[in-house]
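Here is a short briefing for a first look at this structure. Keep the view open while you read.

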Amino acid sequence: MEARDLEMLEKYLPQDLELKTLWDEHIIFKKQLEKLESKIARTPSEDLTLKEIKKQKLEGKTRLQDILDRYRNAEG
């Protein structure tokens with residue numbers, strides 16, 4: 001994420017429950033991905049899990065960006 005996105009997150013997280021939930025999920029998915037990607041060898045099941053987590057993380061990040069864009073537009 002860009003610095004301006006992180007600044008906006010810091011500003012709006014305390015007052016926006018959806019934004020906070022999405023950000024918390026983003027952090028959890030990031031940690032799960034790091035753990036799975038650090039394995040030297042993965043089982044087919046772990047590969048499937050990895051793909052699903054990446055998909056969920058991307059969907060969440062898209063929703064995060066949409067919310068941040070709304071705040072940016074409101075600030076003018």
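The chain has three helices and zero strands. From the N terminus on, its elements run α-α-α. This is a predicted model.

**Overall shape**
- The radius of gyration of the chain is 15 Å. The globule rule gives 11 Å for 76 residues, so the chain is more spread out than a compact globule.
- Along the principal axes, the C-alpha atoms fill a box of roughly 50 × 20 × 15 Å.
- Buried residues account for 29% of the 76 residues in the chain.

**Packing of α2 and α3**
- Two packed helices are described by the angle between their axes and the distance between the axes.
- Helix α2 covers residues 17–37, and it packs with α3 at an angle of about 150°. Their axes are 9 Å apart.
- Angles over 145 degrees count as roughly antiparallel, and α2 and α3 are therefore roughly antiparallel to each other.
- The crossing in which α2 passes α3 is left-handed.
- Sorted by class, the contact of α2 with α3 has twelve nonpolar, eight charged and five polar residues.

**The aromatic pair**
- The count of aromatic pairs comes to one.
- Tyr12 and Tyr71 form this pair, and it is stacked. The distance is 3.7 Å centre to centre, with 10° between the planes.
- The pair links distant parts of the chain, 59 residues apart. Tyr12 lies in helix α1 (residues 3–12), and Tyr71 lies in helix α3 (residues 44–75).
- Are the two partners buried or exposed? Tyr12 is buried, with a relative accessible area of 9%. Tyr71 is buried too, with a relative accessible area of 19%; the cut-off for buried is under 20%.

Terms used. Residues numbered from 1 in each chain as written. Predicted model: local features only at pLDDT ≥ 70, side-chain atom pairs only at ≥ 80, totals over all residues. Heavy atoms only, no water. Phe/Tyr/Trp six-rings, centres within 6.5 Å; stacked < 30°, edge-to-face > 60°. Helix = DSSP H or I, 4+ residues; strand = E, 2+ residues; numbered from the N terminus. Buried < 20%, exposed > 50% of the residue type's maximum accessible area, 1.4 Å probe, protein only. Axes fitted to C-alpha atoms, helices over the stretch in contact; angles between N-to-C directions. Parallel < 35°, antiparallel > 145°, perpendicular 65-115°, else oblique. Left-handed = near helix turned anticlockwise from the far one by under 90°. Nonpolar A, V, L, I, M, F, W, Y, C, P; charged D, E, K, R; others polar. Rg over C-alpha atoms; globule rule 2.2 N^0.38 Å.
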